[in-house]
Amino acid sequence: MKIVAGLGSVDEYIPYVQAGADELFCGYVPYNWTKKYGTVLPLNRREVLAYNVQLGSFSELEILSVMIRKYRKPVHIAMNSLYYIPEQYEEIADIVKQCMKIGFDSFILADPALILYLRQKGISCKIHLSGEAGEMNREAIKVFREMGIGRIIFHRKNTVASMRQMIEAVNAERLEFEAFALNELCQFTGAFCNSLHCDEMCHLCLVPYELGRIREGVSAESVDENVDEPEDDGYLCGQTGCGLCALYQLEKAGVTHLKLVGRGNYTDYMELDIKNLRKALEILKDVLDMEKTGNIPAGPEAERRYISQMKREIFGPAGKCSGMCYYR
């Protein structure tokens, strides 16, 4: 499985590649788009200017394209709003063509109408179906495959079992499949979230909340399922979302790429995330090799071996993790 890491600025490309990222993704919102449409008609649902979340000028893309030619690690451009107004489709097609001229040929898209529009215009870019596209099943994957999709990005709420079923149903189609691995275990499903990610207000997913049973006479404060605040502001791998324990199952299910969310995150934290995910994959490879040669029993025993060693090497002798599991 390959690591696909979120990129917030041009300056982060080389450090993330050196840390072990195989691929990267970023947003690109031209100033003219921001000036014309502002926050409420976003290009990629990350209309943030106050800190590094996306690229905002074509010159940055040109610099990034030179880096890609040297380091040979591709960058996918996200334009993953759920929908656009009619006049925007032609503008987006022009942006895609400009990006392709300087070497960017893969785009993460969530709007089926945009995918169809680009294909009807004869634009032969590679398309990764964003996890923001929503619920997935084998029939949906077959429909999107007919649109020329090269990769399916499963959304956050997919189980490993459902991903396995979908992958097995279209295995012969040579599609790539990407699943979330670290960070931002959002309580919402992106396809059904109409909140904004912008400078003017706090992201809805960051508003303090509590999980608890709702029944007559019992408040969320009185149950044991409340969400605790982190004890400190230091680094903890997977503090906001972690799928490391599930890597064995994801590999067996046929997942080919792992999404490491991180646009807007601290650069040094992201470097540590990439290194830890790379370390987990190295441990997984060793376990799979031993399983293949019969040195350890296949199945649950091999999985337990991987999880135990991974927790010990990444989270320390106590194996203390965040508990924010993507896949339970």
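This report describes aromatic ring contacts in a predicted model.

Residues are numbered from 1 along each chain as its sequence is written, and side-chain values use heavy atoms, with hydrogens and water left out. Local features need pLDDT of at least 70 and side-chain atom pairs count only at pLDDT 80 or more, while totals for chains, interfaces and linings use all residues.

A search of the whole structure finds 9 aromatic pairs. Rings of Phe, Tyr and Trp (its six-membered ring) pair if their centres lie within 6.5 Å; planes under 30 degrees apart are stacked, over 60 edge-to-face and the rest tilted. Two of the pairs are set out here.

| Pair | Centre to centre | Angle between planes | Class |
|---|---|---|---|
| Tryptophan 33 and tyrosine 37 | 4.7 Å | 55° | tilted |
| Phenylalanine 180 and tyrosine 326 | 5.8 Å | 25° | stacked |

Tryptophan 33 and tyrosine 37 both belong to helix α2 (residues 31–37), where they are 4 residues apart, about one turn of the helix. Helices (H or I, at least four residues) and strands (E, at least two) are DSSP runs, numbered from the N terminus. Both tryptophan 33 and tyrosine 37 are buried, meaning under 20% relative accessible area, with exposed over 50% and partly exposed in between (1.4 Å probe, protein chains only).

The pair of phenylalanine 180 and tyrosine 326 links distant parts of the chain, 146 residues apart. Phenylalanine 180 lies in strand β7 (residues 176–182), and tyrosine 326 in the segment after α10 (300–315). Phenylalanine 180 is buried at 6% relative accessibility, and tyrosine 326 is buried at 8%.

Elsewhere, ring pairs link Tyr84, Tyr89 and Tyr117 into a cluster.
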